[in-house]
Amino acid sequence: MDQSQWSRPIVVLVLAVCLPSYLTQTVSSVRPSPTPTPQSPERLKFRLAGHPRKHNEGRIEVFYKGEWGTICDDDFSLANAQVLCRQLGFVSATGWAHSAKYGKGTGKIWLDNVQCGGSERSISVCKSRGWGNSDCTHDEDAGVICKDERLPGYVDSNIIEVQVDESRVEEVHLRPVVSMAGKRLPVTEGVVEVKHKDGWAQICDNGWTAKNSRVICGMMGFPHERKVNKNFYKHLKKRSTEPKVKVRVSADSPKASPKAIAKASSQPKPGLSAGTKRLYAERQKNHFLVHSVACLGTEVHLAACPLDFNKDNATETCPGGMPAVVSCVPGPEYAHNRAMKKKLKTSSAVRLKGGARPGEGRVEVLKGSEWGAVCDDRWNLQAASVVCRELGYGSAKEALTGARMGQGMGPIYMNEVQCTGHERSLWNCVFKNITAEDCKHTEDAAVRCNVPYMGFEKTVRITGGRSPFEGRVEVLQTMANGTQRWGLICGEGWGTKEAMVACRQLGLGYANHGLQETWYWDGSNVTEMALSGVKCAGDELSLSHCQHHRTLSCQKAAARFAAGVICSETASDLVLNAALVQQTVYIEDRPLHMLYCAAEENCLATSAAKANWPYGHRRLLRFSSEIHNIGRADFRPKAGRHSWVWHACHGHYHSMDIFTHYDLLSLNGTKMADGHKASFCLEDSECQEGVSKRYECANFGEQGITVGCVDLYRHDIDCQWIDITDVKPGNYILQVIINPNHEVSESDFTNNAMKCNCKYDGHRIWLHNCHIGDAFSEEAERKFERYPGQLNNQIS
């Protein structure tokens, strides 16, 4: 494999919403107005633009004959908006806007006097003056407001993305100048190059500013820029005209003089080939496409900056200058050494939750000691970029609305956030405080940041599956002789957390399943077993960062027992309603003759087996559990219907062996009592407005929890308790963990645990400070008595 391909960081610009083929129409020739609008032979593209806006509203823009343009508001109507919203992938329109409400567009005004009936499948068949025939100005640009509901099968999401002219700058990367620097990822310094025709062109550095560098670094996934040692590069430029120059001085030191560089160049270093020592600059002929750049520093893409392009016959010159070089400061997650990782710090007041990939997730901010969400009203790329840089990433690639990364559960602190792009923290931006009527968690804002290119996806692949999202996992190994090959991973011990890392590394989203046997997939062209004992925490960027055996040790080394994954772009996310637990807790002394079913399902303490049945009673700590699915996929049991277990006592099938653990812990973490809720019946008890119930336990129905629904276990049902018969009075911690064994994949496992302070005086019980495991700040969590609780049900 060509190693140079792994080290080339490229940012590809996502530019437009492309229509599904079934939504486009083609007609023939132009006719006098009013007539159906003649459509381009190419497919039309539509997008929403402007600001301030949400993802389902904005200035309507049409891509026609290779150019984006607007639609005039003359004769515009709700019927026009209905047609356009459907072409954008929404079910209908709720309104429209005139007089450039979302700002004035640029370029062509493609359509004027558009008159639709409302049922047309494309704006191209509505009456108008014809393409490009308009007497309007951009002060009359029309906008639409669409209903925030997608057409069935439409895969586009709630995204506000970069919208620039793709004909100006398509791709940008940094080309490292010294050969050895190109082998270390991420590339933090190099010549700025833009994609041009079949190759790459440079930018003249005349008038180059730190603001320009800030934009480039943001695109490359870095939060900050730093000053470049220009003397070093000027010397390289001079020396590159001489044959076979050998330079070994690092460009990192700003004090390195040309004299020192020349001296170092004359002293060969043993063990390195001439090809390794030689400069990239010697093999590159400069081709200047852009003469000057004038960024403000807040742009999220170079193409959004004012650019002065050279004429075709003058692309090889940069009078008095040289190719623009940029040096970037990586975030701590991507720093090259441990010392830099410790030195670089990110904000502790902002975090991302629920994302499948690095640098993406629901935005949450810390106020006081509790985390809360941000409402998506006026959410845009400038605000999203502030968040991304604050967390050690680059500028924002996408600003997402409509709870695109799942819904939060706590407070919502910010609304209508407005940033300039220069702020160091989201808290420095202008925003409105939230009232109960302003926002719901269905409007939680999220981001997708530019992150440094690391090439992790080049060292793993999946094979044999029935779709691109599933297969056996194979890793690239470097052998003792320097050659490379692909190899399988032993399935022993392979689980959801390991699959999460594999899917993340592959860029395929979340892990749906981690499989220990893959005999049912295509077995042709399988490789040998190469790795065993893989154990991941779940947040690693690559399987190479996980623990594993130094030498292969796999009892079942056949390919049929190789580790596999099924990945998905969406995942469920279960969260317990902590407030309800605190509100409903009480003690019941329940007679033994009423606990036979509970005993059958191991819902009582072990001492119950020695009781004088059916006489006597057990003391039970009871409470209600309301489990919300705030993710983006339904929560379904891993086991199929054929393996569900019928429980005659309770009269329903149990689809999961262990769904929830209930534990009462001492303040030092010792487990004093537990609830053996061995298995649950999963169903939709209640749902948000507009969400229909899909799962019901009765009559061998399908089991699961729909997105936007809750599974409620009332305090008065069997096994909804902890048997505290043997517990002495004192202070304790009540801990509830959902999906404790990670049997079913979720987008976020850190919110699966709930903890409460508990006081028991031998007759009554009180709970206070009930909260989800990640709802408090680290400092507040440390103050949660003396012990924060354990994350599993095992006694060490």
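I looked up Q735 and found it opposite K755 in strand β44. The model is predicted: local features need pLDDT of at least 70, side-chain atom pairs count only at pLDDT 80 or more, and totals for chains, interfaces and linings use all residues. Residues are numbered from 1 along each chain as its sequence is written, and side-chain values use heavy atoms, without hydrogens and water.

I then read the strands, which are DSSP runs (E, at least two residues), numbered from the N terminus, as are helices (H or I, at least four). Strands pair if DSSP finds at least two bridges between them. β44 (residues 753-760) runs antiparallel to β43, with 8 bridges. On β38 (residues 660-665), β43 has an antiparallel partner over 6 bridges; there L665 bridges to I733.

I checked burial next (buried is under 20% relative accessible area, exposed over 50%, partly exposed in between; 1.4 Å probe, protein chains only). In β43 (residues 730-738), 7 of the 9 residues are buried, so the strand is largely enclosed by the rest of the structure. Helix α2 (residues 210-220) has 9 of its 11 residues buried, including V215, I216 and C217. G221 follows α2, with a positive phi near 100°.

Last, I noted two rings with a charge over them (NZ of Lys or CZ of Arg within 6 Å of the ring centre and within 35 degrees of the ring normal). The charged end of R47 lies over the ring of W68, 4.0 Å from its centre. For K195 over W200, I noted 5.7 Å to the ring centre.
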